[in-house]
Amino acid sequence: MPVTDWNPVLRAELAKPYWGPLQEFVRAERERHPVYPPHDQVFAALHLTPYADTRVVILGQDPYHGPRQAHGLCFSVSDGVPPPPSLVNIYKELRDDLGIEPPRSGNLESWARQGVLLLNTTLTVRGGAAASHQGKGWETFTDEVIRAVNAKPHPVVFILWGGHARKKKALVDTGRHTIIESAHPSPLSAHNGFFGSKPFSRTNAALEAAGLPPIDWRL
């Protein structure tokens, strides 16, 4: 767990029955297989986006499972790694929505530093094996992260792409917060409602309506 202002918010999770077995599972996986992201980047989303500053949440599912890709932020990749197909489509929508040309880098840290929590619902994955760490306890932890953001006193924008993320709407008070949802940006589904959904301009409109500063989506 990171030592940030998230720590008092989430500290109780470390004493719950699922936490020890989850950490032991991940430790054993790292002994036998490549596991992504690296150990020191598992909680990067919480390090880069303090609880107090969180005003937007983008939910992913698994970290990328290829070498050097995952670094603890959903949809983001480390500098020097080509943007994966879903991120390429996110950049296309960013251009169509706000006229921002796709950057060369797939690193989304600048969004995170502005209060965009880039949260995967599962925080680790075995290399080359999508969904391999699902159902081991991470979802219990990240559901608590979502509940904590839901409890914030000011409105937050939740961006939910794809069926998995949209299920998490049940954890959000839609009377206080804004939900922006669509198909997933994956090439398999982006043409079914992701393209043209204008999530970036809609997010900024919701933030400004709540008296909060907009996100500078340029990278």
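**Notebook: salt bridges, rings and a buried threonine**

I looked up Lys169 first, and at 32% relative accessibility it counts as partly exposed. For these labels I took buried as under 20% relative accessible area, exposed as over 50% and partly exposed as in between, using a 1.4 Å probe and protein chains only.

A note on the ground rules: this is a predicted model, where local features need pLDDT of at least 70 and side-chain atom pairs count only at pLDDT 80 or more, while totals for chains, interfaces and linings use all residues. Residues are numbered from 1 along each chain as its sequence is written, and side-chain values use heavy atoms, with hydrogens and water left out.

**Salt bridges**

I then asked what Lys169 pairs with, and found a salt bridge to the side chain of Glu181, 2.8 Å from N to O. The rule is a side-chain nitrogen of Lys or Arg within 4 Å of a carboxyl oxygen of Asp or Glu. This pair links distant parts of the chain, since Glu181 is in strand 6 and Lys169 is in the loop between helix 7 (162-166) and strand 6, 12 residues apart. Helices (H or I, at least four residues) and strands (E, at least two) are DSSP runs, numbered from the N terminus. Glu181 is labelled partly exposed because its relative accessibility is 26%.

My count of salt bridges by this rule came to 12. I noted Arg95 with Asp96 at 3.7 Å, N to O; Arg95 is partly exposed, at 33% relative accessible area. I also noted Arg176 with Asp173 at 3.4 Å, N to O. There, Arg176 is partly exposed at 34%, and Asp173 gets that label at 32%.

**Rings**

How many aromatic pairs does the whole structure hold? My search found 15. Rings of Phe, Tyr and Trp (its six-membered ring) pair if their centres lie within 6.5 Å; planes under 30 degrees apart are stacked, over 60 edge-to-face and the rest tilted. Trp111 and Trp217 are edge-to-face because their planes stand at 90°, with ring centres 4.9 Å apart. Trp111 lies in helix 5 (residues 109-112) and Trp217 in the segment after helix 8 (199-209), so this pair ties together parts 106 residues apart in sequence. Trp111 is buried at 1% relative accessible area, and Trp217 is buried at 1%.

Next I looked at Trp161 and Phe194, an edge-to-face pair at 5.2 Å centre to centre and 90° between planes. Trp161 is in strand 5 (residues 157-161) and Phe194 in the loop between strand 6 (178-182) and helix 8, so the pair ties together parts 33 residues apart. Both Trp161 and Phe194 are buried. I was pleased to see these two pairs turn up in one aromatic cluster, formed by Phe75, Trp111, Trp161, Phe194, Phe195, Phe200 and Trp217.

I also found the charged end of Lys152 over the ring of Tyr51, 4.6 Å from its centre (NZ of Lys or CZ of Arg within 6 Å of the ring centre and within 35 degrees of the ring normal).

**Thr122**

Is Thr122 buried or exposed? I have it as buried, with a relative accessible area of 1%. Thr122 is in the loop between strand 3 (116-120) and strand 4 (125-126). Beyond its neighbours within four places in sequence, Thr122 is in contact (heavy atoms within 4.5 Å) with Gln61, Asp62, Pro63, His133, Gln134, Trp138 and Glu139. With Glu139, I found a side-chain polar contact of 3.3 Å. A polar contact is a pair of N or O atoms within 3.5 Å; within protein, one must be able to donate a hydrogen and the other to accept it, and residues adjacent in sequence count only if both atoms are side-chain atoms.
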